[in-house]
Structures are given as C-alpha cells and as structure tokens.
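Me: I am new to this structure and would like to learn how to read it. Could you take me through some of its features, one at a time?

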Amino acid sequence: MGTVLATPETAPNTPPSDEKTIVFDRVSIAFEERAVLDSISFELRRGETKMLLGILGSGKTTILKLALGLIKPDSGDIYVLGEHVNEMSEDQLFELRRKMGMVFQESALFDSLTVRENVAFRLIEEGRPAEEIERRVREALQFVELENTIDQFPGELSGGMKRRVGIARAIIDRPEVLLYDSPTAGLDPVTSTTIIELLVKQRDVYHTSALMTTHRLPDTLMMATHYFNEKENKMLQLPKNNSVDARTTFLLLKDAKVIFDGTVEELAASRDEYIREYFA
Ligand SMILES: Nc1ncnc2c1ncn2[C@@H]1O[C@H](COP(=O)(O)OP(=O)(O)O)[C@@H](O)[C@H]1O
Ligand SMILES: [Mg+2]
C-alpha cells in the first residue's frame, strides 16, 4: 500500500500540517446550570494527536461528544473536517461520522457478535460487498495483531484484547479523525503499552488526526517520546537529539477553561503553579 517509512529522520518531529481537522471556537456547555466548558477554543491540525487532560469531570469526554455532534453546545462553533457540526442535520452528521473513528473507554463490543462481526459492524450497516468487508476486517485485525481472534466472541478475550478489537473497529474505514476516550483506562501498565504502541503506529503510519482523553500521564509521555519504526515493526524511543514528537500536543482543562494548550517543550517551560503540579 506504499506507506511512508517512519524513520527518525523523517516522521518524528515533522510538525503537523496547517490544515485544521477540528476547530472549537468559543464553545460553552453547561449541565444542570453548571458550566462544564466555558468558551473554550482549540484547533487540531492534520496529523496532530492532542491529549485532553484534566481531573475527573473536567469535560474531556464532553469535548469528544461535541466533536461527534452527539450533543450540541449552548454557544460557540465546532468544525470537523470543514463542516459546521452544530448546524448539521442527523443525516449530515451520520455522513460526517463515517470519516471519524471512536474508541470508547469500555471497548463497547457487542457480546453476542464475533470479533469479525464487531469489527465489520459499520461496513455491514453500509451494505458494502462481502469480499471488501472481509479484506478490511482482516487488515484492521492485522493492524492490532489479533487476526487469530476473528471467529471468537468478546467474552473469550482479555481486557487488553477487547480494547484492541475496539481500535480495529474504529479504524476499519480508515478515518481521517480518531477520538480515543481513555483507551488505556483499567489496563495494567504492560497492556497499556501495547495500546499506546498501536496509537503511535496509527499516528506515524497513517498520519491520522486524533483527540485522546486520558488521566494517565505516563501514557501521554510515551506518545510524545516514541515513534513507530515500520522496518522493525515496533515502537521505539526517539533519539536523544530529537526526543519529542512535534505532532503530539497537550491540552489541560481546569474549571471549565483551557489553561494550557501546547507542546511538551512549552509544558516544561510553564511557570503556572497548577500546571507544574499537575505534571509533576
Ligand atoms: N449528559 C449529561 N447530563 C448531565 N451532566 C453531564 C452529562 N454529561 C456530562 N455531564 C457532567 O459534565 C461533567 C463533565 O463530564 P465529562 O466530560 O464526562 O468529564 P471527564 O470526561 O473529564 O471526566 C461531569 O460533571 C458530568 O457529570
Ligand atoms: Mg471521561
């Protein structure tokens, strides 16, 4: 398929393009009169992976739901792949969501369906030809290294494997934008690393744009300090002289506001007390 080799000389530290895939412009939303997001703005560029951080209940998942058009903001504008999400009909949103992939916190697989059927779900709904579906399912399962589970049921898989099937399902139609909601929550560190490796691979091989919520800082640092080496087919640490990935950025929410949005270098240079403590 002719993918670009991700070598330290090329891929890592290549800044994302200027093209914006997601734009939040002064977006506000309140639940039961409590402001959860208060006029927040940020942009996600093509090829960028932005980590959404903040304490439990700070509005991270809400941002993902807003981007998908599952909920509407009280005010402000949201654009995804050039479309004005808050003014779209359900039909238009359905079309837009076909270009997006979502990985939920709980892998949210259907227990009564096989791995094949779970991963294929979207393509089956769209009535794609059977051969295409089978090819795509195998390709997606190969990406997450679970081709051998194709005929199994979710109940037969470990937590980490389920999460990987969830990723295969999200990437089945080669989305331009991926939304990950705490993809490593509840997993042990070793299993978490296998998930992060997949996200790094997705970022570096397919150059997908992604928003990822997490409350696990080691995960975010691993994303920022590693790249996927296609020749060795594994995630490696970036070389010392080039040690942070320029496409991985951080956004920190506090009291319904964005209090930080930038790169690891900018983060390290911050003098803000809360930010320093959060990342300490
Ligand atoms: N549909 C909803 N109805 C009422 N309150 C909600 C709803 N969705 C989220 N909230 C509230 O909004 C706040 C932010 O939630 P969420 O975005 O899930 O936080 P996070 O993902 O950062 O933990 C929480 O206080 C949550 O209880
Ligand atoms: Mg959440």
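Predicted model: local features only at pLDDT ≥ 70, side-chain atom pairs only at ≥ 80, totals over all residues.

Me: Is Thr62 buried or exposed?

Reply: Thr62 has a relative accessible area of 12%. Buried means under 20%, so Thr62 counts as buried. Leaving out residues up to four places away in sequence, Thr62 touches Ile29, Phe31, Val36, Leu37 and Ile71.

Me: Which strands does helix α1 lie across?

Reply: Helix α1, residues 60-67, lies across β1, β2 and β4, and runs at about 120 degrees to β1.

Me: What is the order of the strands in the open sheet of four?

Reply: The order is β2-β1-β4-β5, and the pairing is antiparallel. At the edges stand β2 (34-45) and β5 (83-84); each has a single partner strand, so one side of each has no neighbour in the sheet. Inside the sheet, β1 (residues 20-31) and β4 (residues 75-80) pair in the antiparallel sense over five bridges. To see one of the bridges, find Ser28, whose partner in β4 is Ser75.

Me: How do I read a pair of aromatic rings, and how many aromatic pairs are there?

Reply: The general idea is that you need the distance of the centres and the angle of the planes. Here the count comes to six aromatic pairs. One of them joins Phe24 and Phe42, which are stacked, with 4.7 Å centre to centre and 20 degrees between the planes. This pair links distant parts of the chain, as Phe24 is in strand β1 and Phe42 is in strand β2, 18 residues apart. Phe24 is buried at 1% relative accessibility, and Phe42 is buried as well, at 3%.

For a contrast in geometry, look at Tyr278 and Phe279, an edge-to-face pair with 5.0 Å centre to centre and 70 degrees between the planes. Tyr278 is buried, with a relative accessible area of 17%, while Phe279 is partly exposed at 25%. Ring pairs also link Phe250, Tyr274, Tyr278 and Phe279 into a cluster.

Me: What does Val264 contact, leaving aside its neighbours within four places in sequence?

Reply: Val264 is in contact with Ala224, Val244 and Phe250. Val264 is found in helix α8, residues 264-269, and counts as buried at 17% relative accessibility.

Me: How many residues of strand β11 are buried?

Reply: Six of the seven residues of β11 (residues 248-254) are buried, so the strand is mostly covered. Strand β3 (residues 49-53) pairs with β11 in the parallel sense over five bridges, and Lys50 has Thr249 as its bridge partner in β11. Strand β12 (residues 257-262) pairs with β11 in the antiparallel sense, also over five bridges. Here Leu252 has Phe260 as its bridge partner in β12.

Me: Which residue in the hairpin of β11 and β12 takes a positive phi?

Reply: As background, most residues other than glycine have a negative phi. In this hairpin, which has two residues between the strands, Asp255 takes a positive phi near 50 degrees. Another case is Glu33, with a positive phi of about 70 degrees. Glu33 sits in the loop between β1 and β2 and is exposed, at 82% relative accessibility. Ser39 also has a positive phi, near 55 degrees, but Ser39 lies in strand β2 and is partly exposed at 34%.

Me: How far apart are the end C-alpha atoms of helix α6, and what span should its residues have?

Reply: At 1.5 Å a residue, the 18 residues of α6 (residues 189-206) should span 26 Å, and the end C-alpha atoms are 25 Å apart, which agrees. At the start of α6, a side-chain oxygen of Asp188 comes to within 3.0 Å of the backbone nitrogen of Val190. Just after α6, His207 takes a positive phi of about 55 degrees. The buried residues of α6 include Ile195, Ile196, Leu198 and Leu199.

Notes: Residues numbered from 1 in each chain as written. Chains lettered and ligands numbered in written order. Heavy atoms only, no water. Buried < 20%, exposed > 50% of the residue type's maximum accessible area, 1.4 Å probe, protein only. Contact = heavy atoms within 4.5 Å. Expected span 1.5 Å × (residues − 1). Polar contact = N/O pair within 3.5 Å; in protein donor to acceptor, adjacent residues only side chain to side chain. Pairing = 2+ DSSP bridges. Axes fitted to C-alpha atoms, helices over the stretch in contact; angles between N-to-C directions. Phe/Tyr/Trp six-rings, centres within 6.5 Å; stacked < 30°, edge-to-face > 60°.
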